[in-house]
Amino acid sequence: MGEREYPVAGGAFTRAMARARAGDVLLWLLLFGAAYLYFFDVPKWVSLILLGLACVKLLLDWMFTVWYRRQY
């Protein structure tokens with residue numbers, strides 16, 4: 001009778017995990033695409049842009065990890 005009911009945050013947690021997994025897949029696709037295009041007759045700036053986007057994604061992951069650890 002004295003037990004509290006807490007709202008289920010499973011939906012929000014599931015969405016957050018799905019977004020994180022999608023971000024990881026996108027990162028690997030960017031890296032694989034950059035490596036794949038590097039070996040073909042594609043301008044190097046295309047591969048560099050893909051690598052730059054992958055680096056930006058890694059930097060954002062790191063920044064948000066630090067921010068969330070300080071918040072919670």
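Q: Why is S47 called buried?
A: S47 has a relative accessibility of 4%, and buried means under 20% relative accessible area, with exposed over 50% and partly exposed in between (1.4 Å probe, protein chains only). The value of 4% is therefore in the buried class. This is a predicted model, in which local features need pLDDT of at least 70 and side-chain atom pairs count only at pLDDT 80 or more, while totals for chains, interfaces and linings use all residues. Residues are numbered from 1 along each chain as its sequence is written, and side-chain values use heavy atoms, with hydrogens and water left out.

Q: Where does S47 lie, and which residues does S47 touch beyond those up to four places away in sequence?
A: S47 is part of helix α2 (helices are DSSP runs of H or I with at least four residues, numbered from the N terminus). Leaving out residues up to four places away in sequence, S47 touches A34, L37 and Y38, where contact means heavy atoms within 4.5 Å.

Q: What makes L29 and W45 count as exposed?
A: Let's take them in turn. L29 has 55% relative accessibility, so L29 counts as exposed. W45 reaches 56% and therefore counts as exposed too. L29 belongs to helix α1, and W45 to helix α2.

Q: How far apart are L29 and L50, and W45 and A34?
A: L29 and L50 are 21 residues apart in sequence, with 9.4 Å between their C-alpha atoms. For W45 and A34 the separation is eleven residues in sequence and 10.0 Å in space, C-alpha to C-alpha.

Q: How do you know that K57 and D24 form a salt bridge?
A: The closest N and O atoms of K57 and D24 are 3.8 Å apart. A salt bridge is a side-chain nitrogen of Lys or Arg within 4 Å of a carboxyl oxygen of Asp or Glu, so the pair qualifies.

Q: How many salt bridges does a search of the whole structure find, and which residues are linked in a network?
A: The search finds two, and the network of salt bridges links D24, K57 and D61.

Q: Are K57, D24 and D61 buried or partly exposed?
A: K57 has a relative accessible area of 17%, so K57 is buried. D24, at 37%, is partly exposed, and D61, at 33%, counts as partly exposed too. Beyond residues up to four places away in sequence, K57 touches G23, D24 and L27.

Q: Why is the set of L27, L30, A34, L50 and A54 called a nonpolar core?
A: A nonpolar core is a set of buried Ala, Val, Leu, Ile, Met, Phe, Trp, Tyr and Cys residues joined through side-chain atoms within 4.5 Å. These five residues make up the largest such core. Helices α1 and α2 each supply at least two of its residues, and α1 gives the most, with three. Leaving aside neighbours within four places in sequence, L27 is in contact with A54, K57 and L58.

Q: What makes a residue part of the lining of the largest pocket?
A: On a 1 Å grid over the protein atoms alone, a pocket is an open set of points where a 1.4 Å probe fits, with protein on both sides within 12 Å along at least five of seven lines, and lining residues have an atom within 4 Å of a point. The lining here includes R19, D24, K57, D61 and Y68. Helix α2 gives the most to this lining, with six residues.

Q: What volume does the largest pocket have?
A: The largest pocket has a volume of about 370 Å³.

Methods: Points joined across faces, edges and corners; volume = space filled by probe spheres on them.
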